[in-house]
Every structure is written in C-alpha cells, then in structure tokens.
Amino acid sequence: MSKELFIQAITKFALGVILVGLLVFLPAGSIVFKNGWLFMGTLFIPISLAGIVMMIKNPELLKKRLNAKEEQEEQSLVVKLSGLMFIAGFIVAGLNFRFDWYMFPKGVSIGATVIFLVAYLLFAEVLRENTYLSRTIEVQENQKVIDTGLYSIVRHPMYSVTLLLFLTMPLILGSVHSFLIFLVYPFIIAKRIKNEEQLLEKELEGYCEYKQKVKYRLIPFIW
C-alpha cells in the first residue's frame with residue numbers, strides 16, 4: 001500500500017464524517033440528536049473497519065472503491081441524483097428532529113440498525129467475491145464474469161445490498177419524511193443497472209450467457 005493511497009483514504013473518510021455530520025446536525029440545531037449519533041456510528045464504524053481490511057489485504061480494490069468519478073454522462077447524472085437524494089434526506093432528517101415532526105418508534109430505528117449491519121456484511125461478501133468492483137462503470141483488463149455466491153442469485157448483488165443500506169438510513173435517523181425522499185433510490189439504481197448491462201453485454205465476454213443463467217437483476221423473483 002502506498003503512502004498516497006493511505007492519505008487519500010484517510011482524507012476521504014474524514015471529509016465524509018464531517019460532511020454527513022454537518023448535514024445531519026446543523027439542520028437539527030442540536031448535537032443532542034440521539035438518532036443522528038446512532039446513524040453516524042452505524043455508518044462510519046463499519047466503513048472504517050472495511051477500509052482498514054482493504055488497506056492491508058487488497059489495496060488495489062480500495063483504490064478502485066475510492067475512485068468515484070464517472071466518465072459516462074448518463075452515469076454521471078445517476079451519481080449526481082444520488083448525491084442530491086442523500087443531501088436532501090439528511091437535511092430533512094435533521095429538520096425532522098428540530099421541529100419535532102412525527103418520528104418512527106425507537107424499535108424501528110433499532111431494527112433498521114440491525115438490518116444495516118447485516119447488509120454491510122453482505123456488502124463485504126460481495127467485495128470478496130468480485131474484486132473487479134469499482135465505483136464507476138467500466139470493464140477492466142482480464143475481467144471475467146462472476147457467477148458464484150450472491151452472483152448466482154441476482155446479477156447485481158452490490159446494488160441489492162445498497163438498496164437495503166440506503167433505505168434503512170432514514171429509518172435509523174427516525175425520519176418518516178426522509179424515508180419518503182430515499183424511496184427514489186430504487187428508480188435511480190434501476191436506471192444505472194440498465195445502462196451498466198448495456199456496457200457489459202458489449203464488452204464483457206460471457207455476460208450474455210450469464211444473463212440467461214441468472215434471470216433476476218436486483219431482487220429475486222421480482223426484478
């Protein structure tokens with residue numbers, strides 16, 4: 001692992017903590033926002049642990065995961081829409097606390113936290129199965145189709161997992177209004193998958209055969 005990669009990883013992590021913290025706690029108008037602290041811990045502790053593991057065992061994968069710049073115009077739009085969703089959702093969650101709007105019961109937040117942590121373990125498993133995963137859509141040199149493990153159930157298990165992760169975020173924050181905002185994510189990710197599969201069909205050998213073998217894109221027996 002290079003010193004440059006280490007600095008890049010630490011910098012991005014620190015900036016992420018600061019940015020999300022500001023988006024959640026500034027609108028809340030208080031640091032006594034228990035759901036906000038629960039969310040921060042649930043989000044960033046697993047991320048830090050995963051980053052440390054990748055630094056030690058697979059720095060090349062970490063490098064791919066840190067690269068979030070999309071070259072394709074359509075995918076760049078998808079990333080921007082996702083970013084707007086996060087910003088709006090976190091701000092509304094903070095406002096939800098400040099103005100004492102209706103919040104989900106405590107049990108919902110606790111249950112969502114458990115689901116989030118399980119989903120993050122699945123996220124780690126997907127990364128273990130497919131070391132070609134980057135945050136941008138591309139076909140890498142010597143890349144091959146992965147059809148084992150979770151990839152034998154759905155073609156895009158990474159997106160299936162992020163669906164769980166992102167939809168539980170507003171539940172952990174306790175915000176009904178934020179949850180409604182995050183419900184746009186399935187539509188955003190569906191657009192990304194459609195575009196990604198067009199690329200994979202053209203450039204990744206064996207992907208068309210894989211599509212015939214594994215019928216479902218995101219959710220078994222549904223889509």
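The axes of helix α1 (residues 3–28) and helix α2 come within 11 Å and cross at roughly 170 degrees, and α1 and α2 are therefore roughly antiparallel to each other (angles over 145 degrees count as such, on a scale from 0 to 180 degrees between N-to-C directions). Helices here are DSSP runs (H or I, at least four residues), numbered from the N terminus. This is a predicted model, where local features need pLDDT of at least 70, side-chain atom pairs count only at pLDDT 80 or more, and totals for chains, interfaces and linings use all residues. Residues are numbered from 1 along each chain, and side-chain values use heavy atoms, without hydrogens and water.

Contact means heavy atoms within 4.5 Å. Among the residues joining α1 to α2 are Phe6, Phe13 and Phe25 of α1 and Trp37, Phe39 and Phe44 of α2. By class, this contact has 14 nonpolar, four polar and no charged residues (Ala, Val, Leu, Ile, Met, Phe, Trp, Tyr, Cys and Pro count as nonpolar, Asp, Glu, Lys and Arg as charged, and the others, Gly among them, as polar).

Let's follow α2 onward. Helix α2 (residues 34–57) packs against helix α3 (residues 59–66) at an angle of about 130 degrees, with their axes 6 Å apart. Gly51, Met54, Met55 and Lys57 in α2 meet Pro59, Leu61, Leu62 and Arg65 in α3. Those residues comprise five nonpolar, one polar and two charged.

Technical notes:
Helix = DSSP H or I, 4+ residues; strand = E, 2+ residues; numbered from the N terminus. Parallel < 35°, antiparallel > 145°, perpendicular 65-115°, else oblique.
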